[in-house]
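Notebook open, model loaded. I want to jot down what I look up as I go.

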Amino acid sequence: MEDAPDREPPGLSVLGVRKSYGDVPVLHGVDLDVQAGSLTAVLGRSGCGKTTLLRLIAGFDRPDAGTIDIAGQPVAGPGLALPPEERRIGYVTQEGNLFPHLTVAANIAFGLPRRARRAPHRVVELLEMVGLDAGYARRHPHELSGGQQQRIALARALAPEPGIVLLDEPFSSLDVELRESTRRAVVDVLAAAGTTTVLVTHDQAEALSLASRVAVMRDGAIVQVASPAELYRHPVDRGVAGFVGDVVGLPATVHGGVAECVLGRLPVGGGHPDGPATVLLRPEQIGIHGIDAGGVTAQVLEIEYYGHDAVVRLELGGGTAVAARCPGYALPVVGQQVRLVVRGEVGLDRAPA
C-alpha cells in the first residue's frame, strides 16, 4: 500500500451562520471551529439543525448569513458559494447511498478522478484501509452487510483524498453490536489518514466515545463545545446535562465555592458567584454506604437492575428523592436505611431553583 500524500489536513471554521427555509428559521448564528485532523461531533436531537449545518459545509445549500472557511480559505459567505466539487469534502450518509447496480470496485472508483478509475490497485488500497480484502471488489451492495456497506461508503468518500469528511448519522441504521465495531473501525481509518472529520449524531454515547470535541446543538444554535469529559462533568446548563446523561438536580445555596443542599456541603467546579442555584450531579457520584458510615441518611425505595450496574432510587429526609448508580454486585435492598456520600465536584445550573 502506497504512503498517503504528505498533505496538511485543513481545519474548518463556521462563523455566524444562519439559515431559514421560507419563513422557518433553522440555524441561528452558528459558530464552530474544528481543529485540523480532529474529529468533532455535532450532537443534538432530531430537528435541531445538525444536517442543515452539514449540508451548508458541504456546499449543497447556501447560508443566508455568516461565513464558512476551510483551511483558512472562505468557501461560503456574502457573494461567495464555492461548489461542492471544489471543496475537497467527502460525505457519508446514514444509508451509505451505494449505487446498487455497480460493483464495490465501481462504487469506490466513482469518487476518483476519471483518469484514476482504471487503476485497480487504488481500489484495493481503499478496501484494505477500511478493513476489507480485495475479494469484496467484485461484490454488489446487496451482497454486503450493513456494516460492510458503510465501510464501502467511507472508502468511496476517501477515494479522492478529501481534506474533510462529513458523517451524517452514519451508524444509526446498524444493530447495536455491528454499530460499535463499525464506528470504531471507521474512526480508526479517519484518524490514520489524518482527516478532519465532522460527525453528526443524536447518540450521546457515540459522540462522547468517538470525538475529541463535542458541540451540543439545540434549537438551531450551538450551546456548548467541549471535550467529552468536560461536557459530561461541567455542562453549561441543566438541559445539556440531561441530554448527555442522567442528572440529579437539587436546590442549593452557593457560598465560597461550596453548595449547600440536602446532600450536604458539596464542592462546586469552576468559578460561580454566590447565591441560589441548582446543583447538578451524576447518579454515579452518589455513593451508597452502610448506616454506620458518614453522610446523609436515606431509604431505598426502588432498584432498577441492569446486570453491570443498577439505578437505586432513594428518599431523603423531607421527602426529597434522588437516584444513585452503583455496581451490580454491591446492591442494597428495598426498604434499607443507608448513608449517601457525594464524590467529586458538582456543577450548577444558575437558573433559580
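Started just after α5, where Gly194 takes a positive phi of about 70°. Helices here (H or I, at least four residues) and strands (E, at least two) are DSSP runs, numbered from the N terminus.

Before going on, a note on the source: this is a predicted model, where local features need pLDDT of at least 70, side-chain atom pairs count only at pLDDT 80 or more, and totals for chains, interfaces and linings use all residues. Residues are numbered from 1 along each chain as its sequence is written, and side-chain values use heavy atoms, with hydrogens and water left out.

Back to α5 itself. I find that it covers residues 176-193, 18 residues in total, and reaches 26 Å from first C-alpha to last. That is close to the expected 26 Å, the expected span being 1.5 Å times one less than the number of residues. I then checked burial (buried is under 20% relative accessible area, exposed over 50%, partly exposed in between, with a 1.4 Å probe and protein chains only). The buried residues of α5 are Arg179, Thr182, Arg183, Ala185, Val186, Val187, Val189 and Leu190.

What does Leu154 touch beyond its neighbours within four places in sequence? I get Val92, Val130, Val186, Val189 and Leu190, counting a contact as heavy atoms within 4.5 Å.

Next, the cores. I take a nonpolar core as a set of buried Ala, Val, Leu, Ile, Met, Phe, Trp, Tyr and Cys residues joined through side-chain atoms within 4.5 Å. The largest has 42 residues, and Ile108, Leu127, Ile152 and Leu154 touch the most other members. Helix α4 (residues 146-158) gives the most to this core, six residues. Apart from it lies another core of 27 residues, including Val75, Leu166, Met217 and Ile222. In soluble globular proteins, nonpolar side chains tend to be buried together.

Most residues other than glycine have a negative phi. Arg88, not a glycine, has a positive phi near 55°. I located Arg88 in the loop between β6 (80-81) and β7 (89-92), and it is partly exposed at 36% relative accessible area. Asp219 also isn't a glycine, yet has a positive phi of about 50°. Its loop runs between β10 (213-218) and β11 (221-226). Is Asp219 buried or exposed? It counts as exposed, at 63% relative accessibility.

Last, the whole protein. I count eight helices and 21 strands. The C-alpha trace spans about 75 × 45 × 40 Å along its principal axes. Of the 353 residues, 46% are buried.
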